[in-house]
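This report looks at a turn, a fold and a core. The structure comes first.

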Amino acid sequence: MIELTGWGRYPRHASEWLEAETPAAVPALQSGHAGLVARGNGRAYGDAAIGERVTLSTSRLDRFRAFDPASGLLTVEAGVLLADILAALVPRGYFPAVVPGTKFVTVGGMIAADVHGKNHHRDGGFGAHVESLKLVLPHGQTLTCSPAENAALFAATIGGMGLTGTIVEATIRLRPVRTGWMRQRTIVARDLDAAMAALAETAGATYSVAWIDCLARGASLGRSLVYAAEHATPEDVVALRPGAEPFPPARPGRLAVPLDLPGGMLNRATVKAFNELYFRRGARRAGEPALVHWDPYFFPLDGIADWNRIYGRAGFVQYQCVIPPAAARPALGEIVERIAHRGRASFLAVLKQLGDSAGTIAFARQGFTLALDLPATADVLTLLDELDGVVVGAGGRLYLAKDARQSAATFEAGYPGLPAFRELRRALGADRRIASRLSARLAV
Amino acid sequence: MMQTRKTLLVLGGTSDIGRATALRYAAAGWRVLLTARDAEAGRRNADDIAARAGAEVSVHALDALNTGSFLSFVDGLPVLPDTVVSVVGELGDQARAEGDLEHAARVLRANFEGPALLLGVFAERFAARRSGTLVGVSSVAGDRGRGSNYVYGSAKAGFTAFLSGLRNRLAPTGVRVITVKPGFVRTRMTSAIKLPPLLTAEPSEVGTAIYAAAEGGGGDVIYVRGPWRIVMTVISLLPERVFKRLRL
């Protein structure tokens, strides 16, 4: 037995730990245990990748299988890290169609959470670019699933949080890129209305996202910096940074948080000061196009190893909701207002537009998504329960890959695909065998 | 890009260090040959390297304990490689080796006889060609026999001495011989042992260090993590009357 947490370091649970040495070893390990769920690199924030009894690590399933430069199709074992894909294939002129906010995630994990990037409004989630996958079912049988083959199982597995079985291999589509740089422009939004308008306006851009200052109040409530970006062309590189190499290598992480900071370090004053500086710096540079390296552009926090320790030993929670377009403005306004009112310091808050997902219980749906992280204290957990009411009232839902604390009722209200998902799990025998702490908590 | 593609042979291509070394060379544009006892495991690593680097990678069957097969193995290779890296070895179980002669013999053979004889065959061919680089992955455990692992350590000591002699002999021919002492490495072989972070390298670090030493013109004997040179120098210099009382 070992103690496991997600990236947020809250909650903590004991679990038995198994490691698969090869994909071929997975069926026996899985059929031999009940209450098991697969775990990739442990970057889900809450309890999604902690087995109810047994956690099956896929981190040694880290081999590439094949890459076809003509089609951009890449086949890998499920434990391959996005960082490895980027290191190998960006220099060769290929970029994954969708990447989340950290590169230290596995391909299996990205499929299981149907992760989204800054281009969801245009390109959909990670699952939309999965050509096919190999899934080990609860009793050990291995099936190939794709939009054409075993389609219902494929849809349930995209965003299915590992609850249909263990993904051991996948074929994904990459896009050709002409450089490893991003051409970014920044738009200053003075309040929440302006931020949402700017996101709608930049929907034509490949990537678009807003950093939102959750401590600004009154007339500045929801003030944001909106970033729109494209993969840069060689001409962009020549114009904006003459002499730069077209495919710069990955940036090694230089900073690290060597120990747990005292819980009080991130308080209203320090975060407010940070936000003020950050906003002013962004506002000063707004308008002019900038050339940004792919690594800090997509994965800014990966530059600081173990950044989750800044919240101290008690850990933190991520709160990410999506609200349908019609109800988004009032609901998001209320959420941001309540957080600002309590003076809760969210170090990182992000607002973006999402499109729909084909996954049965995948998170993404058309609307606006807000993500913020907060220390896991009793008063924050109470505040989040209140915010759940706002989200449910607006027809929204919470992201399972970030979740550590929502109630089964909130979950059920937000996910209309749940009955079909439960039915499929029963048919597979997964309801008795595949279970995470998350699935037990939410009665999936 | 290189004008003529160079070829690397990794003896022990299914080990974590072998894999990491092969990846480093493939990323630099080399053709890679891997040996494996288990063909499927060899294939898995070869596909991985080929997909990552777009390199040509092939797998060649070899059992490093089957010395009788070595000459035909070398003759059967598609090309005489430019560089050969041996990561062949087996940690074994010291306690078991103390009573089980067969196990002890296996550890001695896997860490000394097999890799030494194999590199010896390539040494003759390289000397005749008057070019090539031989890299032997030995161990800090061979710097002085210690109570906790002297069966493994003595085999590595033999291998280190073999490489030293080979280097001495081949120096005039232009053939380079490099001894690598990785120290602790986070691999499957050591996954059950708790290791000190400062003295423990990732397999990729070892691969990078081997490539830098062999192709960049580094030293003849390399310790992957610097502090090991100091640690092992101190251990080697301890007088025997002190050393024999220590539990190392």
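In the hairpin of strand 8 and strand 9 of chain A, A:G140 takes a positive phi near 105 degrees. Five residues lie between the two strands of this hairpin. The model is predicted.

Strand 8 of chain A covers residues 130–136, and strand 9 of chain A covers residues 142–145. They pair in the antiparallel sense over four bridges. In one of these strands, strand 9, A:L143 is the bridge partner of A:L135.

Now the whole of chain A. The chain holds 15 helices and 20 strands. Its radius of gyration is 21 Å, close to the 22 Å from the globule rule for 444 residues, so chain A is as compact as a globular protein of that length. Further values for chain A follow.

| Property of chain A | Value |
|---|---|
| Box filled by the C-alpha atoms, along the principal axes | roughly 60 × 50 × 45 Å |
| Residues that count as buried, of 444 | 51% |
| Share of contacts with a separation of 6 or more that join residues 24 or more positions apart | 76% |

Next, the core. In soluble globular proteins, nonpolar side chains tend to be buried together. Here the largest nonpolar core has 199 residues. A:I111, A:A195, A:A210, A:V226, B:A26 and B:V32 touch the most other members. Helix 5 of chain B, residues 101–129, gives the most to this core, with nine residues.

What does A:I111 touch, leaving out residues up to four places away in sequence? The partners are A:F126, A:G127, A:V130, A:L133, A:T157, A:I158, A:I167 and A:A170. Strand 8 of chain A spans residues 130–136, and A:V130 and A:L133 are among the residues that A:I111 touches.

Key. Residues are numbered from 1 along each chain as its sequence is written. Chains are lettered from A and ligands numbered from 1 in the order in which they are written. This is a predicted model: local features need pLDDT of at least 70, side-chain atom pairs count only at pLDDT 80 or more; totals for chains, interfaces and linings use all residues. The radius of gyration is taken over C-alpha atoms; the globule rule is 2.2 Å times the number of residues to the power 0.38. A residue is buried if 20 or more other C-beta atoms lie within 10 Å of its own, exposed if 12 or fewer, and partly exposed in between; C-beta atoms are placed from the backbone. Two residues are in contact if their C-beta atoms, placed from the backbone, lie within 7 Å. Two strands pair if DSSP finds at least two bridges between them. A nonpolar core is a set of buried Ala, Val, Leu, Ile, Met, Phe, Trp, Tyr and Cys residues joined through C-beta atoms within 7 Å.
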